[in-house]
Amino acid sequence: MARKFPLAGLLRLRHAEQDRAAAGLAAANERLRDAADARVAARRSLADQADAQPVHDAATLSAVAAARAATRGMLEELDAVVQSRRADADRAQDAYNTARRSALGLEKLEEQHTVAATAEELRTEQNALDEIAARSRTEGGAR
């Protein structure tokens with residue numbers, strides 16, 4: 001039986017870190033999508049206001065102007081939120097990439113260990129078979 005990989009515990013830890021980073025990345029991407037969707041909805045609302053009912057008096061014109069200004073302000077805030085969340089998503093992607101690289105390095109070491117342990121096991125088995133064969137030849141020839 002092949003020897004156990006001595007860094008198996010560390011590899012499990014790296015996989016857990018990678019999973020945690022992947023979950024963080026997924027959450028950051030979802031928050032980014034939500035902010036982008038809210039931004040698109042606000043832009044549509046602003047465009048719909050332009051196609052709204054005709055303005056007949058100064059009070060209505062003033063109300064429409066105030067609503068458009070408020071919507072523009074909201075759009076600027078949403079743009080800032082999208083940029084902030086995009087930066088968060090980029091940081092989460094970097095964290096995931098770092099965790100994945102760490103896990104990959106250990107996975108390659110584990111693979112090399114498995115190959116070396118298997119080769120060692122086969123050599124030991126072959127040596128035992130050679131010894132048995134040599135013993136049978138010497139015992140068989142001595143009769």
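Me: Which residues are linked in a network of salt bridges?

Reply: They are R39, R43 and D79. Before we go on, this is a predicted model, so local features need pLDDT of at least 70 and side-chain atom pairs count only at pLDDT 80 or more, while totals for chains, interfaces and linings use all residues. Residues are numbered from 1 along each chain as its sequence is written, and side-chain values use heavy atoms, with hydrogens and water left out.

Me: What makes R39 and D79 a salt bridge?

Reply: A salt bridge needs a side-chain nitrogen of Lys or Arg within 4 Å of a carboxyl oxygen of Asp or Glu. The side chains of R39 and D79 meet at 2.3 Å, N to O, so the pair qualifies under that cut-off. R39 lies in helix 1 and D79 in helix 2, so this bridge ties together parts that are 40 residues apart in sequence.

Me: And what is the N to O distance for D79 and R43?

Reply: That salt bridge is listed at 4.0 Å. Here too the two helices are joined: D79 belongs to helix 2 and R43 to helix 1, so the pair ties together parts 36 residues apart in sequence. The structure holds six salt bridges.

Me: Which residue forms a salt bridge with D88?

Reply: It is R91, with the closest N and O atoms 2.2 Å apart. R91 and D88 are three residues apart in helix 2, which means about one helical turn separates them.

Me: Why is H113 called buried?

Reply: Buried means under 20% relative accessible area, exposed means over 50%, and partly exposed is in between (1.4 Å probe, protein chains only). H113 has a relative accessible area of 14%, so it is buried. Its place is in helix 2, residues 58-141. Leaving aside neighbours within four places in sequence, H113 is in contact (heavy atoms within 4.5 Å) with R3, K4, F5 and P6.

Me: Why do R43 and D79 count as partly exposed?

Reply: R43 has a relative accessible area of 41%, so it is partly exposed. D79, at 24%, is partly exposed as well. R39 counts as partly exposed at 29% relative accessibility.

Me: What makes L7, L10, L13 and L109 a patch?

Reply: Patches are made of residues with over 30% relative accessible area and no salt bridge; like charges are joined within 9 Å, and nonpolar side chains (Val, Leu, Ile, Met, Phe, Trp, Tyr) within 5 Å. These four form a nonpolar patch on the surface with about 300 Å² of accessible area together, by the Shrake-Rupley method with a 1.4 Å probe, where only the protein chains shown count as cover for residues. L13, for one, has a relative accessible area of 41%, and L13 is found in helix 1, residues 8-50.

Me: How many helices and strands does the chain have?

Reply: Two helices and zero strands. Helices (H or I, at least four residues) and strands (E, at least two) are DSSP runs, numbered from the N terminus.
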